[in-house]
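Colleague: Could you walk me through this one before I set anything up?

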Amino acid sequence: ELFLGGDHYKWRQMRSNGIDEKYITGDTDNFEKWVCFAKTMPKLIGNPLYHWTHLELKRYFDIDLILNEKNAKEIWDRVNEKLRLPEFSVKNIIRKSNVEVICTTDNPYDDLEYHKELKNFDTRVLPTFRPDLGSIKSDIAERMDYFHENGCRLSDHAIDELNDELIEKLTFLGKEYAKRGWTMQLHIGAMRNN
């Protein structure tokens, strides 16, 4: 789950390798998913995922092995053994990585409960405003104020198709963001989870 959960870049490579979807996003056990990822790894030489995965294994878990199907179980066991140690908690891994800021992607109606809980964490964890552009509500500016009070300074928009209605909404949102000094991120035509 640590290596593959929510990682659409790795999922795409597994799909390209012919791995059945049940071993990617299905309800199959995490070890089986790991083995399928390990099967894919030798085909990724030259792809940044190959290097990043081995860098993660070395940097965090002191594992120098080249991941493949034959050693997947050994690496799985070594990583999980370390993850049971207190120094491998999520917060400690973030600290070890020298992360200064994490920006999450949040629904405008989220209560931001976890952001409030993390106010005193060494790393700043800030919300990113992600409105569904197809259903902008009249009270959106009020929600922006709430997000702003909780540290938000970014918006995040996926734009699959540009039309007059969307341009009007983006213009409205852009003006609201400018009032608050926010940055507006646009992901235009991004293809995810192919």
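Modeller: What follows goes from the overall layout to a few local details, and the model is a predicted one.

Colleague: How many helices and strands does the protein have?

Modeller: Eight helices and four strands. In sequence order the pattern is α-α-α-α-α-β-α-β-α-β-α-β.

Colleague: And what does the C-alpha trace span along its principal axes?

Modeller: About 55 × 40 × 30 Å. The accessible surface is about 12000 Å², with 50% of that belonging to carbon and sulfur atoms.

Colleague: What share of the residues is buried?

Modeller: Of the 194 residues, 35% are buried. As for contacts with a separation of 6 or more, 60% are between residues 24 or more positions apart.

Colleague: Let's go to helix H2. Which of its residues are buried?

Modeller: H2 covers residues 30-40, and its buried residues are Lys 33, Trp 34, Val 35, Cys 36, Phe 37, Ala 38 and Thr 40.

Colleague: What covers them?

Modeller: The cover includes helix H1 (8-16), helix H3 (48-61) and helix H4 (72-83).

Colleague: Which residue caps the N-terminal end of H2?

Modeller: Asp 29 does, with a side-chain oxygen 2.8 Å from the backbone nitrogen of Phe 31.

Colleague: Changing topic to the strands. How do S3 and S4 run, parallel or antiparallel?

Modeller: Parallel; six bridges join S3, residues 154-159, to S4, residues 183-188. One of the bridge pairs is Ser 155 with Met 184 in S4.

Colleague: Which helix does the chain pass through from S3 to S4?

Modeller: Helix H8, residues 164-180. The β-α-β crossover formed this way is right-handed.

Colleague: Why does His 115 count as buried?

Modeller: Because its relative accessibility is 9%, and the cut-off for buried is under 20%.

Colleague: What does the His 115 side chain have a polar contact with?

Modeller: The side chain of Thr 104, at 2.8 Å.

Colleague: And which residues is His 115 in contact with, leaving aside neighbours within four places in sequence?

Modeller: Thr 104 again, along with Asp 106, Val 125, Leu 126 and Pro 127.

Definitions and conventions. Residues are numbered from 1 along each chain as its sequence is written. This is a predicted model: local features need pLDDT of at least 70, side-chain atom pairs count only at pLDDT 80 or more; totals for chains, interfaces and linings use all residues. Side-chain values use heavy atoms; hydrogens and water are left out. Buried means under 20% relative accessible area, exposed over 50%, partly exposed in between (1.4 Å probe, protein chains only). Helices (H or I, at least four residues) and strands (E, at least two) are DSSP runs, numbered from the N terminus. Contact means heavy atoms within 4.5 Å. A polar contact is a pair of N or O atoms within 3.5 Å; within protein, one must be able to donate a hydrogen and the other to accept it, and residues adjacent in sequence count only if both atoms are side-chain atoms. Two strands pair if DSSP finds at least two bridges between them. A crossover is right-handed if, with the strands pointing away from the viewer, the path from the first strand over the helix to the second runs clockwise. Accessible areas come from the Shrake-Rupley method with a 1.4 Å probe; for residues, only the protein chains shown count as cover.
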